[in-house]
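Good morning, and thank you for making time for this presentation. Please look at the sequence and the structure as they come up on the screen.

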Amino acid sequence: MTTYGTIPTELPQQSLSLIVQAREFLGSGLGSRRKWEDMINLRALNLPPNVNEAVRRIRTNIVFFKTNYVIVVLFLLLLTLFFHPTSLVIIVVIMIAWFLQYFLRDNPLSIYGFVIDRNMIITVLTLFTIAVFFLTDVMSNIMSGITFGLTVVLAHGFFRTTDDLFVGDEKDINASQC
């Protein structure tokens with residue numbers, strides 16, 4: 001017997017595994033960030049003596065503070081979107097559409113008896129997302145937020161000395177300098 005309109009008492013297994021995977025991914029990513037005190041050490045800021053030193057500083061700081069830099073760029077992107085609430089609402093609506101139609105759907109979508117497979121749903125959602133981003137000012141707002149964030153990151157990498165940074169992964173820095 002089918003019971004329509006009832007609210008399930010537990011989440012479907014696919015939703016639970018998606019939540020667990022997201023939590024593990026975020027935990028491992030945020031676990032690799034450096035202390036904010038190390039990043040915002042005002043005594044470690046000065047002008048580099050030459051262009052080669054500036055490039056070396058930027059590369060080293062990107063390797064050392066990569067997770068912190070991602071957090072800064074995402075925070076500045078979110079801050080930029082708060083000044084454009086229409087863009088923020090559009091992004092939230094698109095995210096809800098993706099979650100409802102793709103991530104949280106266990107059964108295939110059926111419209112008037114026609115079953116629509118997951119590939120068609122992905123195609124329609126992707127085209128809808130691209131169209132909305134380019135037909136509204138959302139894309140320009142996202143790009144300006146990311147540009148602002150990357151400018152802040154490059155400025156920090158340019159001025160932050162690397163003498164007091166001890167990287168356990170020396171191979172990462174050496175690989176980035178090659």
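I shall go from the chain as a whole to its helices, and then to some single residues.

Let me say at the outset that this is a predicted model. The secondary structure of the chain comprises eight helices and two strands. Read from the N terminus, the order of elements is α-α-α-α-α-β-β-α-α-α. The chain has 178 residues, and buried residues make up 28% of them. As for contacts between residues at least 6 apart in sequence, 81% of these join residues at least 24 apart.

I turn now to helix α5, residues 85–103. How does its span agree with its 19 residues? At 1.5 Å a residue, α5 should span 27 Å, and its end C-alpha atoms lie 25 Å apart, which agrees.

Which residues of α5 are buried? They are Ser87, Ile90, Ile91, Ile94, Ala97, Trp98 and Tyr102. These residues cover an arc of only 120 degrees around the axis, and therefore sit on the same side of α5.

Let us take α6 next. Two packed helices are described by the angle between their axes and the distance between the axes. For α5 and α6, the angle is about 180 degrees and the axes are 11 Å apart. The two helices, α5 and α6, are therefore roughly antiparallel to each other. By class, the contact of α5 with α6 has 12 nonpolar, three polar and one charged residues. On the α5 side, the residues that meet α6 are Ile90, Ile91, Ile94, Ala97, Trp98, Gln101 and Tyr102. From α6, the partners include Arg118, Ile121, Leu125, Phe128 and Val132.

Leaving aside neighbours within four places in sequence, Ile94 is in contact with Phe128, Thr129, Val132 and Phe133. Ile94 and Phe133 are 39 residues apart along the chain, and their C-alpha atoms are separated by 9.8 Å.

Helix α4 can be treated in the same manner. Its 17 residues should span 24 Å at 1.5 Å a residue, and the end C-alpha atoms of α4 are 24 Å apart, which agrees. The buried residues of α4 include Tyr69, Val72, Val73, Leu76 and Leu77.

Two of these residues lead on to Val153, which is found in helix α7. Not counting residues up to four places away in sequence, Val153 touches Tyr69 and Val73. Is Val153 buried or exposed? With a relative accessible area of 8%, Val153 is buried. From Val153 to Ile58 the C-alpha distance is 8.9 Å, although the two are 95 residues apart in sequence.

Finally, I draw your attention to Tyr112, in the loop between β1 (109–111) and β2 (114–116). Its phi is near 50 degrees, a positive value in a residue other than glycine. Tyr112 counts as exposed, at 80% relative accessibility.

Thank you for your attention.

Conventions:
Residues are numbered from 1 along each chain as its sequence is written. This is a predicted model: local features need pLDDT of at least 70, side-chain atom pairs count only at pLDDT 80 or more; totals for chains, interfaces and linings use all residues. Side-chain values use heavy atoms; hydrogens and water are left out. Helices (H or I, at least four residues) and strands (E, at least two) are DSSP runs, numbered from the N terminus. The expected span of a helix is 1.5 Å times one less than its number of residues. Buried means under 20% relative accessible area, exposed over 50%, partly exposed in between (1.4 Å probe, protein chains only). The arc is that of the directions from the helix axis to the C-beta atoms. Axes are lines fitted to C-alpha atoms, for helices over the stretch in contact, and angles run from 0 to 180 degrees between N-to-C directions. Angles under 35 degrees count as roughly parallel, over 145 as roughly antiparallel, 65 to 115 as roughly perpendicular and the rest as oblique. Contact means heavy atoms within 4.5 Å. Ala, Val, Leu, Ile, Met, Phe, Trp, Tyr, Cys and Pro count as nonpolar, Asp, Glu, Lys and Arg as charged, and the others, Gly among them, as polar.
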